[in-house]
2 protein chains.
Amino acid sequence: MVQATTLPRNEAGIETAIGILKQRFGDRLQTSAAIREQHGHTTTWIDNQSPDAVVFPHSTDEVAEIVRTCAAHKVPVIPFGTGTSLEGHVNAPAGGVSVDLMQMNKVLAVHAGDLDCVVQPGVTREDLNTHLRDQGLFFPIDPGANASLGGMAATRASGTNAVRYGTMKDNVLSLEAVMPDGQIIRTGQRAKKSSAGYDLTRLLIGAEGTLGIITELTLRLQGIPEAITSARCSFPTVDAACQAVMMTIQYGIPVARIELLDDMSVRAANAYSGLSLPETPLLLLEFHGSESGAAEQAETFGQIAGEFGGTDFAATSTTEERNKLWQARHDMYWACLQLRPGARGISTDVCVPISCLADCVTRTQNKAVELGLLAPMVGHVGDGNFHSLLLIDMDDADEVAKAETFVGWLNDLAISMEGTCTGEHGIGQGKRPYLERELGAATRYMSAIKAALDPDNIMNPGKILP
Amino acid sequence: MVQATTLPRNEAGIETAIGILKQRFGDRLQTSAAIREQHGHTTTWIDNQSPDAVVFPHSTDEVAEIVRTCAAHKVPVIPFGTGTSLEGHVNAPAGGVSVDLMQMNKVLAVHAGDLDCVVQPGVTREDLNTHLRDQGLFFPIDPGANASLGGMAATRASGTNAVRYGTMKDNVLSLEAVMPDGQIIRTGQRAKKSSAGYDLTRLLIGAEGTLGIITELTLRLQGIPEAITSARCSFPTVDAACQAVMMTIQYGIPVARIELLDDMSVRAANAYSGLSLPETPLLLLEFHGSESGAAEQAETFGQIAGEFGGTDFAATSTTEERNKLWQARHDMYWACLQLRPGARGISTDVCVPISCLADCVTRTQNKAVELGLLAPMVGHVGDGNFHSLLLIDMDDADEVAKAETFVGWLNDLAISMEGTCTGEHGIGQGKRPYLERELGAATRYMSAIKAALDPDNIMNPGKILP
């Protein structure tokens with residue numbers, strides 16, 4: 001495993017706070033090794049750094065009570081959702097208390113007329129969409145994992161639909177949060193827009209729990225489109241596929257999803273999902289609109305694809321065929337693992353201006369070959385965002401070192417192209433060294449904000465900031 | 001005029017800083033009464049509080065030099081664009097130096113392939129769109145006034161297109177800014193999305209110059225749609241019009257503009273712009289898409305409107321007719337002033353969940369009648385945002401007092417409906433009393449951020465925060 005920085009522990013404070021919380025929460029505070037370990041990271045190659053206790057609150061007031069107790073004794077507080085974050089966000093490098101929010105999982109209100117809803121942070125995106133379906137509504141952000149909405153906000157998640165519907169930052173109207181001093185605040189109202197004061201909503205989104213714990217979210221919803229058309233098209237090269245994507249976006253086609261799989265990923269999908277796609281770079285698309293509108297979008301894309309050497313273009317509006325294609329996309333992680341049974345899959349993500357995407361992907365593929373690494377790639381290419389899934393033998397120290405080199409090199413490449421070291425996974429522990437390279441002096445003001453709101457550094461310490 | 005709070009002046013510091021800046025900037029620092037007064041507010045009913053000097057920088061480095069000089073002597077710095085803000089944002093209640101950014105007016109880069117551009121803060125939205133037109137691109141945010149893009153970001157502006165394209169917060173990829181200590185930072189790269197660290201971009205957007213001066217903006221652009229269809233439809237009541245709007249939004253029609261004029265506004269438009277619209281509540285709409293897509297949207301809207309008693313529905317895709325309609329909308333301020341020649345027009349804005357809009361507008365109209373005030377209303381109703389334009393005899397103290405009562409009552413009504421006291425105008429000086437009523441304890445954390453980044457309170461003091 002990759003070593004994570006440890007921070008000094010406040011042993012006496014931790015013991016006292018856990019004692020108080022145990023009295024208060026009884027069986028809803030757990031200290032078994034298994035539960036503690038499960039609440040450190042589970043999805044990265046970074047060492048597990050377990051919290052000292054895990055507490056399961058049922059209400060905002062209980063979260064506030066936990067934070068006040070921890071604040072009084074200067075004990076770290078680490079918010080926890082489904083644990084699907086990818087950069088060590090939930091590790092406890094200074095120990096402390098993990099606050100598992102999954103029992104706060106109620107949909108509190110759906111305002112269909114206003115296209116919004118109010119949810120607790122432990123509601124998952126699939127639960128929410130199941131809840132909404134009967135009302136003809138959906139929440140569009142889909143990061144792949146069935147993550148909790150609180151966690152998705154905390155990491156500024158996005159995923160396949162972002163090219164049309166934006167990221168979490170665009171789909172949260174307001175938040176309720178418990179701040180580092182235990183105060184409960186509401187960052188906004190239910191109006192669709194506001195110019196009232198500093199945008200604390202956006203400040204908490206992507207703060208990865210370092211500035212407060214999100215305890216309630218008011219989310220913007222969408223009507224389920226009348227028609228959904230899916231399409232796929234194969235391309236001779238990544239460059240040709242990216243050119244087609246650029247033209248599609250520039251042409252103003254309101255594509256809802258546009259995903260790129262490189263040849264290695266297509267090979268994995270064919271084997272795992274029983275498909276027989278040409279094993280060259282592939283675009284998977286989805287179009288939302290009226291019957292005729294969605295069909296027209298697909299047709300126009302087909303024409304654009306043809307200009308860039310696209311072949312095997314196929315569009316469908318039947319649910320079954322569409323689901324098969326997107327299921328294969330969602331299963332890519334498992335499919336890719338089968339390319340090298342026994343290997344660990346480490347997903348890293350960058351995002352670059354779309355004009356640099358083809359170059360960035362091609363150089364990334366070459367770099368993996370040069371280092372002797374297996375790294376199939378999938379991307380939310382409408383945004384210039386892609387993931388390399390490194391397939392690593394974690395027992396081979398040399399290979400792990402090469403993989404670390406690869407990740408660092410890729411982050412620096414993306415930054416040099418005016419891109420970012422993380423499009424949607426976040427900084428957590430894993431990408432901390434790159435934040436300052438990307439944003440320079442701006443990080444100083446992030447640190448100043450952190451120090452102002454959380455002077456004792458109790459909220460998810462050791463994340464994001466240097 | 002309405003009295004504005006004054007703040008203590010640092011006379012010695014102001015004199016010293018202006019002396020230093022005069023040496024450095026020569027004729028680009030002005031202290032004449034006319035220029036100083038022009039750089040206090042020009043568009044509100046709040047007393048003019050002129051700065052002590054106005055300086056006209058040409059570069060980010062010059063802005064940084066100005067801020068460093070003012071910071072060293074604890075002198076207020078007030079950023080200035082076109083002066084079209086509506087809540088006293090550019091007043092100088094503690095004196096100080098107005099930084100007029102209108103000579104920083106270059107479009108630095110257009111990346112057509114990436115649908116973004118980089119501009120200086122003094123570029124106006126009309127200048128930018130003129131610059132972009134040949135490349136088939138446009139910047140969608142249209143707050144009415146030909147405002148500067150720096151000012152639009154600082155006030156989190158939006159306007160007629162927001163229902164489809166969002167507000168400034170959704171259309172800025174990153175900013176360069178000079179912070180209160182004179183440090184130049186960049187808040188992000190050119191990637192379409194990022195999860196790297198705290199969202200300083202969104203923190204500066206809407207901060208009204210209280211946390212730093214925006215010196216460069218990277219903006220998201222749109223392709224000019226293949227087809228634009230405009231439509232209008234009259235309704236028997238505001239409620240019927242709002243019901244039609246709600247259904248249109250819920251139906252998922254990607255309407256680009258949907259504006260409501262009440263009967264008094266329609267009467268004003270008829271008289272001023274030589275139209276002959278039925279003098280009942282009116283919706284003006286615009287649809288963007290392919291030829292068939294835009295036409296289909298208009299047709300679907302027409303059917304929805306019919307269900308809610310809409311009459312005189314007319315759609316057009318000819319540029320001339322479209323421009324005539326939207327010119328009338330843009331001229332509403334002048335048209336309404338003609339309803340009461342000699343009166344001052346005071347625009348106030350609130351935004352509520354769309355399900356509350358009809359009720360909010362109707363009660364607002366009744367309240368104006370009750371107080372004997374003339375207050376035609378226009379609204380960006382797709383967002384639940386509307387403006388009352390109070391037509392006031394500023395020499396009649398009783399009427400001014402009633403108008404103040406009206407504005408306060410309206411803000412409280414909007415807040416009570418889970419809405420906001422300002423959808424797009426900002427807090428400035430005028431709405432400061434309402435911010436805490438709306439956001440409660442959250443304002444404390446805004447103050448903490450302000451104190452951390454600007455400990456001497458030199459950046460646009462007396463704005464936003466209590």
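Tutor: At the meeting of the two chains, 77 residues of chain A are in contact with 77 residues of chain B, two residues being in contact if their C-beta atoms, placed from the backbone, lie within 7 Å. This is a predicted model, in which local features need pLDDT of at least 70 and side-chain atom pairs count only at pLDDT 80 or more, while totals for chains, interfaces and linings use all residues. Residues are numbered from 1 along each chain as its sequence is written, and chains are lettered from A and ligands numbered from 1 in the order in which they are written.

On the side of chain A that touches chain B, the elements giving two or more residues are α7 (168–171), β9 (184–186), α8 (200–204), α9 (238–250), α11 (291–307), α14, α16 and α17 (442–453) of chain A. Helices (H or I, at least four residues) and strands (E, at least two) are DSSP runs, numbered from the N terminus. The largest share of that side, nine residues, is supplied by α17(A). By class, the side of chain A that touches chain B holds 33 nonpolar, 29 polar and 15 charged residues; Ala, Val, Leu, Ile, Met, Phe, Trp, Tyr, Cys and Pro count as nonpolar, Asp, Glu, Lys and Arg as charged, and the others, Gly among them, as polar.

One residue of helix α14 (residues 354–371) of chain A is A:S355. A:S355 counts as buried because it has 21 C-beta neighbours inside 10 Å. A residue is buried if 20 or more other C-beta atoms lie within 10 Å of its own, exposed if 12 or fewer, and partly exposed in between, with C-beta atoms placed from the backbone.

In chain B, helix α14 (residues 354–371) has 18 residues and reaches 26 Å from its first C-alpha to its last, close to the 26 Å expected at 1.5 Å a residue; the expected span is 1.5 Å times one less than the number of residues. Among the buried residues of α14(B) are B:I354, B:S355, B:C356 and B:L357. The buried residues of α14(B) pack against β5 (107–111) of chain A, together with α9 (238–250), β17 (377–380), β18 (385–392) and α15 (397–416) of chain B. After α14(B) comes B:G372, with a positive phi near 70 degrees.

Returning to chain A, helix α15 (residues 397–416) has 20 residues. Its buried residues are A:A403, A:F406, A:V407, A:L410, A:N411, A:A414 and A:I415. They lie on the same side of α15(A) because they cover an arc of only 165 degrees around the axis, the arc being that of the directions from the helix axis to the C-beta atoms. The buried residues of α15(A) pack against β16 (344–351), α14, β18 (385–392) and α16 (432–439) of chain A. The face turned away from the buried side of α15(A) carries the exposed residues A:A397, A:D398, A:A401 and A:S416. Just after α15(A), A:E418 takes a positive phi of about 65 degrees.
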